[in-house]
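Welcome, and please keep your viewer open while you read.

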Amino acid sequence: MADTVWILGITMTKFGKHPDADTVDLAAEAALGALADGGVTIEDVDVLAAGNLLGAGAGIGQQLQKQIGQTGIPVYNVANACATGATALRTAVMAIKAGEADVGLAVGVEKLAGAGLLAGGTRAGDSDTWQPRGRYGAVAALDGRVGTETMPGVFAQVGMQYLHEHRYGGTPLELFARISEKNHAHSTLNPLAAYTKAMSLEQIMGDLMIAYPNTRPMCSANCDGAAAAVVVSDATLKTLSREQQRRAVKISASVLTSDPWQEGCQVLPDVNTLTRSAARQAYEQAGVGPDDLDLVELHDCFATAELVHYDNLGLCEEGGAVDFLESGAPYRDGRMPVNVSGGLQSKGHPIAATGIANIWEVCHHLRGEAGPRQIEGARVGLAHVIGLGSACGVHILERSAA
Amino acid sequence: MQQRTPIVDYLVLDGDPHLVASECEQCGARYFDRRNACAACGAAGGFRQVAIDRQGELRAFTIVSMAAPGIDVPFVAGVVDCGGTTVRANVVNTPPDPDHVRLGMKLRLATFPLGTDSAGTEAVGFGFEPLEQS
Ligand SMILES: [Zn+2]
């Protein structure tokens with residue numbers, strides 16, 4: 001297909017603590033790595049899309065250019081919560097599809113090591129007289145006084161709501177801890193993960209409680225990291241070497257959605273409807289169904305989130321996420337391995353890097369380069385991210401036939 | 001009599017305390033914040049104030065152990081279905097543990113003082129408490 005876009009090169013840095021590297025260092029490491037992986041240079045790149053959520057005003061794209069090559073190409077600095085990396089990739093893909101570029105570079109980077117809880121927005125300060133402020137006329141900060149805005153608490157409710165809707169009769173803490181146990185076990189095979197230690201169910205359940213039922217190891221790990229991808233048009237790929245064509249990964253679907261209005265969606269964020277919509281569009285674009293997937297990297301920012309996305313991405317029957325987990329399907333030796341990288345809970349979640357790092361993991365398997373954690377014969381994979389606000393990115397990737 | 005102020009402007013303290021929402025006159029979507037137009041249908045025509053049921057059912061909850069400074073932990077945060085309108089609130093007047101807080105439990109609105117400021121005005125907060133003490 002003429003308008004097919006390919007991933008030519010892709011890389012991620014080690015996720016974890018990088019005290020001696022700043023965001024530009026990490027972005028440069030990832031970008032130079034992706035260019036080298038693709039066998040091209042910055043001179044070949046027609047468009048750059050870059051994201052760094054915590055420094056969204058600083059222009060990470062141009063900062064990066066000043067280190068690796070100021071070639072005068074258009075730069076799009078993007079910010080879309082936890083979907084920032086996927087948005088950067090999609091921006092580069094769109095530029096190629098529009099015919100304005102043949103080669104694009106997408107970069108996501110974040111420095112989060114040591115960051116505390118990521119809280120919400122309604123933090124009107126407490127003054128010495130009660131003054132109504134903001135869109136709710138609030139006289140005090142609402143976080144903690146009128147429900148919670150902390151991420152672990154919001155996503156805990158997302159998981160609990162699913163259990164309520166589907167009349168789950170078991171113990172929520174143990175159920176969600178099992179998801180975390182799976183991902184921490186997976187991480188032992190991923191040398192680039194921030195945490196690579198297996199944890200027992202008892203350890204996970206007995207660890208520090210953050211927001212029931214999410215204990216600390218069930219929350220995504222704040223860390224530093226970057227990821228980058230070089231994308232090319234079909235016509236450009238055809239001019240490149242056989243080896244480049246063999247390692248290229250086809251982007252069969254690239255979809256970004258926001259949340260359509262649903263009752264209650266401005267009270268507790270609705271992470272379901274926009275994910276279902278993105279998945280439906282992605283399967284249609286790619287001409288594949290969930291049963292065709294050999295592996296899935298989904299946005300397990302909390303153990304409670306992973307469960308609902310089994311259902312949202314159509315990996316199981318509607319309402320069947322608990323059965324899907326209990327069947328063993330999402331384990332790396334199961335029918336539909338989910339988060340074989342270790343997921344955000346152990347690999348880590350440097351926000352803007354995550355949406356490209358998930359795609360790197362899938363590409364790694366499709367290219368047959370994943371070493372000891374290789375899913376044998378992987379042909380098709382899906383990568384999903386969601387950022388509150390909300391934004392959802394879904395990409396379906398396929399191994400090259402060349 | 002002491003001046004009182006609600007924690008948010010959608011809490012009405014006169015008479016039986018209750019919550020109010022802005023309801024879109026075109027499609028019926030309900031909101032608790034100041035509106036520019038309707039996110040559900042796009043209409044900017046107008047909103048009417050509607051009272052929200054004082055009783056509801058707990059649809060989701062979490063027990064927060066790590067929170068911002070000044071917030072006592074653990075506390076129960078939840079989402080309450082009040083006759084079809086979703087409301088965010090803490091679950092109060094019950095021990096904050098999974099044995100006492102259950103999905104689907106029936107709740108009712110409760111108000112409580114948050115403190116008095118230097119001008120002598122008392123702020124009033126709200127939460128939902130179990131309808132039947134277990
Ligand atoms: Zn409306």
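How many cavities of 30 Å³ or more does a search of the whole structure find? The search finds 1. Before you go there, note that this is a predicted model, where local features need pLDDT of at least 70 and side-chain atom pairs count only at pLDDT 80 or more, while totals for chains, interfaces and linings use all residues. Residues are numbered from 1 along each chain as its sequence is written, chains are lettered from A and ligands numbered from 1 in the order in which they are written, and side-chain values use heavy atoms, with hydrogens and water left out.

**Stop 1: the cavity**

Select A86(A), G355(A), N358(A), I359(A), A383(A), H384(A), V385(A), G393(A) and H395(A), which line the largest cavity. A cavity is a set of points on a 1 Å grid over the protein atoms alone where a 1.4 Å probe fits but cannot get out, and lining residues have an atom within 4 Å of a point. The space inside is about 30 Å³, a volume being the space filled by probe spheres set on the points, with grid points joined across faces, edges and corners.

Now colour α13 (351-366), β10 (380-387) and β11 (391-399) of chain A: each gives the lining at least two residues. Helices (H or I, at least four residues) and strands (E, at least two) are DSSP runs, numbered from the N terminus. By class, the lining holds 4 nonpolar, 5 polar and no charged residues; Ala, Val, Leu, Ile, Met, Phe, Trp, Tyr, Cys and Pro count as nonpolar, Asp, Glu, Lys and Arg as charged, and the others, Gly among them, as polar.

While you are here, look at the loop between β10 and β11 of chain A, where S390(A) lies. The peptide bond from G389(A) to S390(A) is cis, with omega near 10 degrees.

**Stop 2**

Move to Y212(A) and P213(A), joined by a cis peptide bond with omega of about 5 degrees. P213(A) sits in the loop between β5 (209-212) and β6 (214-215) of chain A.

**Stop 3**

Select residues 172-187 of chain A, helix α5. Its 16 residues should span 22 Å at 1.5 Å a residue, and the end C-alpha atoms are 23 Å apart, which agrees; the expected span is 1.5 Å times one less than the number of residues. Of those 16 residues, 12 are buried, meaning under 20% relative accessible area, with exposed over 50% and partly exposed in between (1.4 Å probe, protein chains only). Among the buried ones are L173(A), F176(A), I179(A) and K182(A).

Step back to R167(A), in the loop between α4 (151-165) and α5 of chain A. Its phi is near 50 degrees, a positive value in a residue other than glycine. R167(A) counts as exposed because its relative accessibility is 65%.

**Stop 4: chain B**

Of its 134 residues, 49% count as buried.

Then pick N93(B), in the loop between β8 (85-91) and β9 (106-116) of chain B. Phi of N93(B) is near 60 degrees, and at 49% relative accessibility N93(B) counts as partly exposed.

Technical notes
1 Å grid on protein atoms, 1.4 Å probe; cavity = no way out; pocket = protein on both sides within 12 Å on 5 of 7 lines; lining within 4 Å.
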